[in-house]
Amino acid sequence: VPRPTGASPFVGRQDELGRLLRCLDEARSSRGQLALIAGEPGIGKTRLLTELAERAGAAGWVVLHGRGYDVEGLPPYLPFTEALRDYIRAAPLEDLRSQLDEAGPEVSLIAPDLRRRLPDLAIAPVASSAEQRYQLFESVCDFLLGIPGRQETRGLLCLLDDLHWADGPSLLLLNHLARRLSDAPLLVVGAYRTVDLNRVSPLTNLLGELRRENIGERVLVGPLSTPELSTLVEGLTGHRPASTFVDAIARQTDGNPFFIGEIVRHLIAEGRFLAEEEAASVSSVPEGVREVITRRLARLAPATHELLLTAAVLGEGFGFEQLRTAVGVEVPEWELLNALEEALDAGMLRESADGFQFGHALIRRTLYDGMSGPRRQRLHLRAAEAIERTERGNLGPRVAELSVHYRLAGPLANPATAIDYAVRAGEAAEAIFAFEEAVLHCTGSLPWNPWSVRAPRRNSEHVFSSGWLPRNSSER
Ligand SMILES: Nc1ncnc2c1ncn2[C@@H]1O[C@H](COP(=O)(O)OP(=O)(O)OP(=O)(O)O)[C@@H](O)[C@H]1O
Ligand SMILES: [Mg+2]
């Protein structure tokens, strides 16, 4: 029986990668710019970023990564905070000092690691105003633009993935940065889902504005061709697939690599993979991405499925202690570990130095959307309590997350607690000039909605060509 190997071999995408590599060349001659990769979920945007990052890293570029998350209540500017984190942790202190000049206190507002490395940094002014936000943006841009000035670097490649989930303030900062690249050895590459955008998404505004001013190189990622699909299946299974099988999969998946991978794993798990003669009979292949994920989940032990539901509410990534606490003491530890390992083996979760992540955002989304409302509320309450217990004494950075969990716990949450966190989260956002986020926290916690300025509904409206239709979404 063929086994799914870890990462699939990279297939196709020569045009797309070629265009990005040309942007990199341009940036090397100090003609930096913004490139934007767009496509439907699972089509291969992140993979394209990863391949670009590997090539740039090998050629001596500094590569920074940040991303948006399919979770509310994360700190504003998180994509930039993440992108700066690795650099700030690793850069020699002299470099940091010389790059920062007076900008340090401001940059440290969105990159708290800076203060850890340079404890004598002055405190940034507290009063909050549009001018100060402008100053913050300028300082962050100056800092980024200073990175490639160090010797032995070719330039700076800054990757910002999943921008459809980025907070409004991050996108304003990106907009600011995009205008400062033209004479710098800095390439910024963003990626976003075309189908997660609705008219109120902050990204829609940014894209419209960039398009009007003709800023940015667009790279649209489309379906894999049938021969590429065949190569991908062969890479995943180690066997050359029959052409009838390839054709059936191509019809079914519209050449979406995530969907193809999930179907192959599903068929392998069912022991149906796939003697040549059987190949034509792929009639009971799942119809859509959601369905194939649901079927793969159904093969797992009930305890594993339950663990994944809890995890889906915790977020895209979580630590073991947080999971342990959220699952509750009624589940013995060995049972939890077995379930965790089964989820890892099935590729539903991945383990990294920071803890655990979902194998793909679409897996988490399927679990989350498939839950009943009451279960979701209970799990949000548990998630909030788990954070309070495991992070006791250092709740500050988590108040926004807590505010969201308590809000989504609905009637199960103590209203005073929910409002308290919402106010603290709003104040914390305001303190770093993330006014849009501050408003969302404060209005989101109210049982009515006076100004109807809610967070844009995420994920409720995609029409994913391969059947990603959340018909049962009870989020609304
Ligand atoms: N060109 C490719 N060759 C081989 N595998 C690929 C290719 N493109 C994508 N994949 C695989 O398909 C899966 C989905 O790709 P990826 O995560 O990059 O999609 P995405 O467009 O970023 O989706 P999302 O919008 O959900 O973030 C991954 O496992 C990835 O490794
Ligand atoms: Mg992605």
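Student: How many residues surround ligand 1, and which are the closest?
Tutor: In this predicted model, 19 residues surround ligand 1, and the closest are V11, G42, K45, T46 and R193.

Student: What sort of residues are in that shell, by class?
Tutor: The shell around ligand 1 divides into eight nonpolar, six charged and five polar residues.

Student: Which helices each supply at least two residues of it?
Tutor: α2, residues 45–58, and α12, residues 257–269, each supply at least two residues of the shell around ligand 1. α2 gives the most, with three residues.

Student: What does the side chain of R193 do with ligand 1?
Tutor: An N or O atom in the R193 side chain is 2.6 Å from an oxygen atom of ligand 1.

Student: And the backbone of G44 and of V11?
Tutor: For G44, a backbone N or O atom lies 2.9 Å from an oxygen atom of the ligand. For V11, a polar backbone atom is 2.8 Å from a nitrogen atom of ligand 1.

Student: How much of the ligand's accessible area does the protein cover?
Tutor: On its own, ligand 1 has 630 Å² of accessible area, and the protein covers 88% of that.

Student: Switching to aromatics. How many pairs are there in the whole structure?
Tutor: A search of the whole structure finds five aromatic pairs. One of them is Y87 with F143, where the ring centres are 6.0 Å apart.

Student: Why is that one called edge-to-face?
Tutor: The planes of the Y87 and F143 rings are at 65°, and over 60 degrees counts as edge-to-face.

Student: Where do the two sit in the chain?
Tutor: Y87 lies in helix α3, residues 78–90, and F143 in helix α7, residues 130–146. The pair therefore ties together parts that are 56 residues apart in sequence.

Student: Are those two buried or exposed?
Tutor: Y87 is buried, with a relative accessible area of 6%. F143 is buried as well, at 0%.

Student: What about F318 and F356?
Tutor: Their ring centres are 6.1 Å apart and the planes are at 25°, so that pair is stacked. F318 is in strand β6, residues 317–318, and F356 is in strand β8, residues 355–358. The pair links distant parts of the chain, 38 residues apart. Both F318 and F356 are buried.

Student: Which residues make up the cluster that F318 belongs to?
Tutor: Ring pairs link F318, F356 and F358 into a cluster.

Student: New topic: R324. Where is it, and is it buried or exposed?
Tutor: R324 is found in helix α15, residues 320–327. R324 is buried, with a relative accessible area of 16%.

Student: What is R324 in contact with, leaving aside neighbours within four places in sequence?
Tutor: R324 is then in contact with V331, P332, E333 and L336. With E333 there is a polar contact of 3.3 Å between the side chains.

Student: Is N214 buried or exposed?
Tutor: N214 counts as exposed, at 69% relative accessibility.

Notes. Residues are numbered from 1 along each chain as its sequence is written. Chains are lettered from A and ligands numbered from 1 in the order in which they are written. This is a predicted model: local features need pLDDT of at least 70, side-chain atom pairs count only at pLDDT 80 or more; totals for chains, interfaces and linings use all residues. Side-chain values use heavy atoms; hydrogens and water are left out. A residue is near a molecule or strand if one of its heavy atoms lies within 4 Å of it. A polar contact is a pair of N or O atoms within 3.5 Å; within protein, one must be able to donate a hydrogen and the other to accept it, and residues adjacent in sequence count only if both atoms are side-chain atoms. Accessible areas come from the Shrake-Rupley method with a 1.4 Å probe; for residues, only the protein chains shown count as cover. Helices (H or I, at least four residues) and strands (E, at least two) are DSSP runs, numbered from the N terminus. Ala, Val, Leu, Ile, Met, Phe, Trp, Tyr, Cys and Pro count as nonpolar, Asp, Glu, Lys and Arg as charged, and the others, Gly among them, as polar. Rings of Phe, Tyr and Trp (its six-membered ring) pair if their centres lie within 6.5 Å; planes under 30 degrees apart count as stacked, over 60 as edge-to-face and the rest as tilted. Buried means under 20% relative accessible area, exposed over 50%, partly exposed in between (1.4 Å probe, protein chains only). Contact means heavy atoms within 4.5 Å.
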